[in-house]
Amino acid sequence: MNALLKDKNIVVMGVANNRSIAWGITKSLHDAGANLIFTYRQERSKQKLEKLLDKNQIDAKLVVACDVEDDDSIKQAFQEIGDDAGTIHGLVHSVAFANTDELKGDYADTSRDGYLLAQNISSYSLVAVTREARKYMSEGGGIVTQTYLGSERVVPNYNVMGVAKAALEASVRYLAEDVGKDGIRVNAVSAGPIRTLSAKGVSGFNEKMSVIEEKAPLRRQVDQDQVGDATLFLLSDLARGVTGEVLHVDSGFHIVAGS
Ligand code: NAD
């Protein structure tokens, strides 16, 4: 237990189950003394989340529905959060989606609808939630999203999601400029491959994992807990001078030539 986020109200978006990156983040934030507010999309995820919280003896300050495809749902969720918590000190955006059939084969075959869907849920959603959360971040704070190396390099099969992540990272920089004057920092963690529900949808995912053990400087896999601690750092005062940044938590894989 540390006190890096003691009494801070942090919103966590994207816990689907115990493998979710957002769950690893939840554990780190809880250990740091944060008051946790969760959003979920489907009723199924809400039930899983409540069971997980119960099992791990974590009390949620609030759990609210939020579908990031829908502006009204986002507005309503943050209004509810603001009414309940008063001030928001931090936000974790750990949400993405693309059609599975767009995560294999040639990127050139991406459909218009599939492209827009991936951008909408995986990239634009950060803009929309930042706009709503900002209204309640009167004391400043941090926003952290989750990205992947496929935004910078061509990673086979990552395709449309790589392009959505590139837009997400550019958004991190533009948003950091917008909200910096309010003392709000916006950053991203670029995690190495981790076995989660979403990762299952990317064709050839196992190879992406094994190459980390083989080629990354640290020669070991990345897990949800490592991403959780890095996200905690970015949300905490320890990172008070850091904004618009993409922090790689990938055992150093991104620095290796030919990786
Ligand atoms: P996950 O499936 O556990 O989490 C994805 C979450 O997105 C789920 O909770 C899902 O409910 C949510 N979501 C999807 N559509 C939504 C919508 N319309 N409204 C609200 N929520 C919605 O998978 P994960 O791997 O933990 O993914 C979390 C984030 O981490 C994603 O941005 C993903 O791209 C990123 N990431 C994952 C990896 C990896 O290897 N797993 C690596 C780097 C980055």
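View 1. An N or O atom in the side chain of Thr-196 lies 2.5 Å from an oxygen atom of the ligand, in a model that is predicted throughout.

**View 2. The crossing of helices H1 and H7.** Helix H1, formed by residues 21-31, and helix H7, formed by residues 224-235, have axes that come within 7 Å and cross at roughly 55°. With that angle, H1 is oblique to H7, and the crossing of the two helices is right-handed. On the H1 side, the contact is made by Ile-21, Gly-24, Ile-25, Lys-27, Ser-28 and Leu-29, and on the H7 side by Gln-224, Asp-225, Val-227, Gly-228, Asp-229, Thr-231, Leu-232 and Leu-235. Sorted by class, the residues of this contact between H1 and H7 are six nonpolar, five polar and three charged.

**View 3. Helix H3 against helix H4.** The axes of H3, residues 71-85, and H4, residues 112-134, come within 9 Å and cross at roughly 35°, and the crossing in which H3 passes H4 is right-handed. From H3, the residues Asp-71, Ile-74, Lys-75 and Phe-78 meet Tyr-124, Ala-128, Val-129, Arg-131, Glu-132 and Ala-133 in H4. The contact of H3 with H4 has six nonpolar and four charged residues, and no polar ones.

**View 4. Helix H4 against helix H5.** H4 packs with helix H5, residues 159-180, at an angle of about 20°, and their axes are 9 Å apart. The two helices, H4 and H5, are therefore roughly parallel to each other, and H4 passes H5 in a right-handed crossing. Among the residues that make the contact are Gly-114, Tyr-115, Ala-118, Leu-126 and Val-127 of H4, together with Val-160, Met-161, Ala-164, Leu-168 and Val-172 of H5. By class, the residues of the contact of H4 with H5 divide into 13 nonpolar, six polar and two charged.

Terms used
Residues are numbered from 1 along each chain as its sequence is written. This is a predicted model: local features need pLDDT of at least 70, side-chain atom pairs count only at pLDDT 80 or more; totals for chains, interfaces and linings use all residues. Side-chain values use heavy atoms; hydrogens and water are left out. Axes are lines fitted to C-alpha atoms, for helices over the stretch in contact, and angles run from 0 to 180 degrees between N-to-C directions. Helices (H or I, at least four residues) and strands (E, at least two) are DSSP runs, numbered from the N terminus. Angles under 35 degrees count as roughly parallel, over 145 as roughly antiparallel, 65 to 115 as roughly perpendicular and the rest as oblique. A crossing is left-handed if the near helix is turned anticlockwise from the far one by less than a right angle, and right-handed if clockwise. Contact means heavy atoms within 4.5 Å. Ala, Val, Leu, Ile, Met, Phe, Trp, Tyr, Cys and Pro count as nonpolar, Asp, Glu, Lys and Arg as charged, and the others, Gly among them, as polar. A polar contact is a pair of N or O atoms within 3.5 Å; within protein, one must be able to donate a hydrogen and the other to accept it, and residues adjacent in sequence count only if both atoms are side-chain atoms.
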